[in-house]
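Take the fold as a whole to begin with, then follow a few residues through it. Keep the model open beside the text.

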Amino acid sequence: MAKKLILVAGNIGSGKTSLTERIGEQLGWRTAYESVVNNPYLPNFYKDMRKWAFHLQVYFLGHRAKQHEEMAADPRSAIIDRSIYEDAFIFCRALNRMGNLNELDYQTYLQLFHLVVDTLPTPDLLIYLHCPGAALMERIHQRGRDMESGITADYLALLESFYEDWMQTFDLCPVLTIHTDNLDFVHKKKHLDLVINRIQDKLAGKEEMVFNK
């Protein structure tokens, strides 16, 4: 198969990182992940979101744009955990809605975002992982990350509504929707194999089906 650039999108706890890791291992694809541990703005952001939201999102924009370009330029197929597009259409929108990113900064960010993404190579496939809110909350609780301790069901529902809006308009590349609430990529190889088969079928141009079992 020719080189492909794949993006994995989805709500917090939907399984993006687990799927990205295992597809990379199984298919020998290059993988890339969100900058969390080395992100210089995250600690301040969680202390004062209104003060640091714009700075954080500009940092993410630069990080993801560089990551996207590097993965696209690599001769190997590549898969990225979280797309650059989600920052604008999901998370910045949520920050604005919740009053943590004022309208002026939000519009300034969107102008910069569109200037940046218009220069990026087009991905070959977007994998959208969908999972009900209750399952997301359970997974978030189980992994016990300090920075996620304040996530509420209402916040996840807000993000989910924005994902639904985004999916209605996203047309840069084909989209494969996978429901992950009944899937275990980590412990059940047959689940991973089924998902990989769906991805390969989609990349080959076969008719899309929503995988939910």
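From the N terminus on, the elements of the protein run β-α-β-α-α-β-α-α-β-α-α-β-α. That makes eight helices and five strands. Both kinds of element are DSSP runs, numbered from the N terminus; a helix (H or I) needs at least four residues, a strand (E) at least two. The radius of gyration is 17 Å, close to the 17 Å that the globule rule gives for 213 residues, so the protein is as compact as a globular protein of that length. Here the radius is taken over C-alpha atoms, and the rule is 2.2 Å times the number of residues to the power 0.38. The C-alpha trace spans about 45 × 40 × 30 Å along its principal axes.

This is a predicted model: local features need pLDDT of at least 70, side-chain atom pairs count only at pLDDT 80 or more, and totals for chains, interfaces and linings use all residues. Residues are numbered from 1 along each chain as its sequence is written, and side-chain values use heavy atoms, with hydrogens and water left out.

Next, the packing. Of the 213 residues, 46% count as buried. Buried means under 20% relative accessible area, exposed means over 50%, and partly exposed lies in between (1.4 Å probe, protein chains only). A contact means heavy atoms within 4.5 Å. Among contacts with a separation of 6 or more, 77% join residues 24 or more positions apart.

Which rings pair up? A search of the whole structure finds 10 aromatic pairs. One of them joins Phe 89 and Phe 113, edge-to-face, at 5.6 Å centre to centre with 90° between the planes. Phe 89 lies in helix H4 (residues 84-97) and Phe 113 in helix H5 (residues 103-117), so the pair ties together parts that are 24 residues apart in sequence. Phe 89 is partly exposed at 32% relative accessibility, whereas Phe 113 is buried at 1%. Rings of Phe, Tyr and Trp (its six-membered ring) pair if their centres lie within 6.5 Å; planes under 30 degrees apart are stacked, over 60 edge-to-face, the rest tilted. Ring pairs also link Tyr 85, Tyr 128, Tyr 163, Trp 166 and Phe 170 into a cluster.

Turn to Ser 14, in the loop between strand S1 (5-10) and helix H1 (16-27). Is Ser 14 buried or exposed? Ser 14 is buried, with a relative accessible area of 0%. Leaving aside neighbours within four places in sequence, Ser 14 contacts Leu 129, Cys 131, Leu 136, Arg 139 and Thr 180.

Ala 65 sits in helix H3 (residues 49-73). At 10% relative accessibility, Ala 65 counts as buried. Beyond neighbours within four places, Ala 65 is in contact with Ile 84, Val 116 and Leu 120. The C-alpha atoms of Ala 65 and Val 117 are separated by 7.3 Å, though the two are 52 residues apart along the chain.

Gly 133 is partly exposed, at 37% relative accessibility. Its C-alpha atom and that of Tyr 85, 48 residues away along the chain, are separated by 22 Å.
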